[in-house]
Amino acid sequence: MSTDSDLEKRHLGKVISGSLAQGVHVKLDPVRSVEDIAVGRYIAISGQKKRFFGMITDVSLEAVDPRALIMPPDISDPFIAKVVSGTTTYGNISVLPMLTIGSDVAGTMEGPQPAKTVPSHFSEVEFASDEDVKTVFGAEDRQRFYIGNPLDMETKVCLNMEELVKRSNGVFGKSGTGKTFLTRLLLIGMLQKSRTTSLIFDMHNEYGWEGTSEKDHKVKGLKQLFPGKVAVFSLDEDYDKRRKVKSDFTVKIGYNEIEPEDIQLLKYILNLTEASVQAIYELAKEFGDDKWLESTFNLFESDSAVLIEKLKIHESTWRNLRRGLRMLQRFPFLVRRAPEDTVKKILDYISSGKSVVLQFGGYDDLTAYVLVANLLTRRIYNLYRERVDIATSADTKKPDQLVITIEEAHRFLNPDIAAQTTFGKIAREMRKYNVTMLVIDQRPSGIDEEVMSQIGTKITCLLDNEKDVDAVLTGVAGKSELKSVLSKLESKQQALIFGHALPMPVVVRVREYGSADSYKELGPLNSGESGKKDQLDDLWN
Amino acid sequence: MDLKQRIAEVVETSNAEFMAQCYNLEGAPALGSMVKTKSKDYDIYAIVYSSSTHGIDPNRRIIARGQNAGSEADIYKANPQLSKLLSTDFRALIVGYNKDKAILQYLPPSPASIYAFVYPCDMNEVRDFTQSLNFLSLLTDARLSVSPDEVITAFLRYAGQSHPSPNDFLVKAGKEIAWLLSNDIRRLDSILKRLQK
C-alpha cells in the first residue's frame with residue numbers, strides 16, 4: 001500500500017488546462033524541477049470520479065508574466081532562484097490521458113478503458129505507482145511475458161503473448177538500437193508463453209545459435225534455450241562447420257521451385273529492367289513454370305539467338321537478364337533438383353510444434369535473403385491456407401498459430417511490390433489463417449502504408465528520421481505527442497510499445513538478456529508449475 | 001501583561017491602523033517590528049510602519065540648541081524640560097487579531113481602543129503569527145506614507161529571526177509575495193533583493 005510519504009514523493013502538480021486530443025497541461029509543484037521529469041514516464045491523475053493514466057509527452061517552461069522573461073530575475077542569487085521557481089516561473093508538463101479506471105467497484109471490475117474525457121481542473125497529478133502499472137499491464141502469468149520496465153520504475157510491463165501473435169507485429173528502430181535483442185526476447189516470449197510456432201528467416205545468424213551483443217560478449221540463441229522446441233535449418237554447411245554447430249537440416253532449393261514472381265521481387269536487387277521481368281514471364285510461358293530457370297541457364301551457355309528472336313526479346317534485355325540471373329547461379333544452395341523438399345520439412349517441424357530458424361550462414365546478402373524468404377513463405381502460405389480450409393470444412397482443430405519473422409521487411413513490403421508478395425498478403429489477410437508476421441525493419445517508411453496499418457503491435461526503438469517516425473505512428477491516437485517520446489528514446493535498451501497487445505503505449509527499458517541470471521527465467525517453463533500444468537492439459541486434450 | 005513591557009499608548013485609532021505615543025522619547029519600536037494592543041475583547045497585532053518625534057505643541061517649532069553644547073546629551077542636561085515638551089509616536093498597520101486563542105489574519109471588527117496600551121511582541125508570538133502568511137496581502141495592498149515594500153522587507157527580516165531556519169521562512173514568504181505580485185515583476189524583484197540582507 002502506498003503511504004503518505006510515497007504519495008508526496010510521487011506528487012507532481014495539478015491539471016491546469018488541456019484537451020483530450022492534445023493532452024492536459026500540468027503545472028508542476030514548485031519543489032519539482034523540470035529536470036527530474038522525463039518524457040515517456042507514466043502519470044496517474046486522480047480526477048473527481050475516475051483515475052486517469054497517461055504518459056508525459058512534453059515538458060515546457062512557463063512564466064506567469066511574460067515580462068519576467070524579458071527582465072529575468074537574478075537567479076545567480078540562490079535565494080531569488082528558490083523563490084521564483086514555481087511562482088514567477090514554473091514547469092509545465094503535457095500529459096496524454098490514455099486510460100481511465102472508475103473509482104467505484106463496477107469501474108474497477110471493468111478494468112482500464114480508453115480515456116474518453118479529461119480530468120477536471122486542478123486534479124492532482126502524480127507519477128504512476130507500481131500498483132497502477134500492474135493494474136494496467138497485468139502481472140506476469142502463463143500468457144504474459146515480462147518485456148521490460150517502465151522508465152524509472154521497477155514494475156514489470158508484460159505483454160500478453162497469445163494476444164500479440166494474433167496480429168502481425170513490427171519491431172522498428174535505427175541500426176544499433178537493439179532490434180535484434182528485442183526480437184530475440186519476443187521470440188522467447190512466444191516460445192515460453194504461447195502455443196505459437198515461429199519460422200524465422202535469420203539473415204545474420206543471430207537467433208538460432210549464439211549471437212553477439214554490442215559489448216561483444218556472446219548471448220545464447222533460441223536453440224540453446226529451447227533445444228526441444230527449436231530446429232535450426234541452414235543454407236550454408238560451410239558456415240556451420242566453421243561455427244562448429246550442427247543444424248537440423250541443410251536447405252537446398254531446386255531451380256524448379258523458383259517462379260517468375262520470385263525473380264520479379266528481386267528486380268531492384270538484381271538490377272533488372274522492366275523488359276527483363278517481362279522476358280522472364282515469356283520464358284516461363286515457353287518452358288513451363290518449373291523448368292524455365294534451368295532452361296534459361298542452359299541457354300546462357302549455348303546459342304540463344306533463335307529463341308530470343310522467337311520470343312521477341314531485345315538483345316540488350318537479354319544481356320541484362322543474363323547478368324542478373326547469373327548472380328543466382330553462384331549460390332550453392334540453389335541446385336538443379338533439391339534432394340528433399342524443404343517446405344515439407346519445415347511444415348513437418350512446425351506441425352510438431354517446433355519453431356524453425358533458417359540461418360543464412362555466409363549468404364547474408366539481400367539477394368539470397370529475399371529470394372529464399374519469399375519463395376519458402378509463398379509455399380508455406382499456400383499449404384497453411386489449404387490446411388486451415390480443410391480444418392474449417394471438416395470442423396477439426398486448426399493448425400497452431402504460425403509467426404513468420406523477417407528482417408529488412410521493406411524489401412518485401414515496399415509499396416511497389418507489397419501487393420504482389422506473399423508477405424503483403426500475410427500482413428493483410430492471413431490472420432484468418434493463423435499466420436502472422438513479425439517484421440523487423442530500420443526503414444519503416446519504406447513499408448507499404450496498407451501493410452503498416454495492419455500491424456497490430458508496434459515495438460519501436462529510437463527512430464529519428466521524420467518519415468520513419470511518421471510511418472510508424474500512422475493512425476495512432478496522440479500521434480504528435482508520441483512522436484516527441486519516440487524521438488527522445490535512448491539509443492539503447494529503450495523501446496516504445498503500442499498497439500493491439502497493450503492497453504496503452506508504454507516506453508520500456510528492455511529487460512536484461514545475456515547474463516547467467518537472465519537465462520534462468522528465459523528458458524522453457526517446463527520445470528515450473530505452469531509448465532507441468534500445460535503438459536497435464538495436453539494429456540487430457 | 002507585564003507593566004514594565006508596555007511602551008506606548010494608542011492616541012489615534014481606526015480599523016486599519018493606529019497611532020501610539022511612546023512613554024519614552026525616541027522609544028519607538030523598530031520599523032517593521034510587531035506590536036500588539038487591545039480592543040474590547042481581543043488582542044490586535046500590528047506592524048510598525050513609521051515613527052516620528054516632534055514637539056507636543058504644534059504651534060511651537062523645535063529649534064536647534066546645541067551650538068555650544070559638548071554633546072547631544074548635554075542639550076538635555078541643560079534643558080531638562082525638553083523631554084516633557086517633545087514626544088515620540090509611531091504608526092502601526094493592523095495585520096490581524098487574536099480571538100479565543102486563534103490568530104486571525106484579517107482586520108478586526110472594531111479598531112483598537114483609545115488609550116489602549118501597546119506592547120512589543122516577543123519572538124514566540126511573532127513565530128506563531130507568521131506560521132501563516134495570508135496577512136501579506138494587507139501589506140502589499142496598503143497605501144502608506146512610507147513605501148510598503150520597505151515595511152514588508154523589514155518585517156520579514158525581523159520575523160525570520162523568530163524561525164528556526166530564517167532562510168526557509170524567507171523563501172516561503174518570498175514565494176507568497178511572488179504570487180501576490182505576479183503581475184509586477186519589477187516590484188517583486190526589488191523586494192526579493194532586499195529580503196535577504
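**Briefing: the contact between chains B and A, and selected features of chain A**

Two residue pairs are in polar contact between chain B and chain A, both at pLDDT 80 or more; a polar contact is a pair of N or O atoms within 3.5 Å, where within protein one must be able to donate a hydrogen and the other to accept it, and residues adjacent in sequence count only if both atoms are side-chain atoms. The model is predicted, so local features need pLDDT of at least 70 and side-chain atom pairs count only at pLDDT 80 or more, whereas totals for chains, interfaces and linings use all residues. Residues are numbered from 1 along each chain as its sequence is written, chains are lettered from A in the order in which they are written, and side-chain values use heavy atoms, with hydrogens and water left out.

**Interface of chain B and chain A**

- Contact (heavy atoms within 4.5 Å) links 17 residues of chain B with 19 residues of chain A.
- About 1500 Å² is buried between the two chains, and carbon and sulfur atoms give 69% of this area; buried area is the accessible area (1.4 Å probe) that two parts lose on being put together, summed over both.
- On the side of chain B, the residues that lose the most area to chain A are B:Lys175, B:Trp179 and B:Ile185, together 36% of what that side buries.
- Helix H6 (166-180) and helix H7 (185-195) of chain B each supply at least two residues of the side that touches chain A; helices (H or I, at least four residues) and strands (E, at least two) are DSSP runs, numbered from the N terminus.
- H6(B) gives the most to that side of chain B, with seven residues.
- Zero salt bridges are found across this interface, a salt bridge being a side-chain nitrogen of Lys or Arg within 4 Å of a carboxyl oxygen of Asp or Glu.

**A:Lys27**

- A:Lys27 lies in strand S2 (residues 23-28) of chain A.
- Leaving aside neighbours within four places in sequence, the contacts of A:Lys27 include A:Leu12, A:Tyr90 and B:Trp179.

**Strand S3 of chain A**

- Strand S3 (residues 42-46) of chain A is largely enclosed by the rest of the structure, because four of its five residues are buried.
- S3(A) runs antiparallel to strand S4 (residues 50-63) of chain A, joined by five bridges; two strands pair if DSSP finds at least two bridges between them.
- S3(A) and S4(A) form a hairpin with three residues between them, and A:Ser46 has A:Arg51 as its bridge partner in S4(A).
- Four bridges join S3(A) to the antiparallel strand S7 (residues 124-127) of chain A, where A:Phe127 is the bridge partner of A:Ile43.

Technical notes. Buried < 20%, exposed > 50% of the residue type's maximum accessible area, 1.4 Å probe, protein only.
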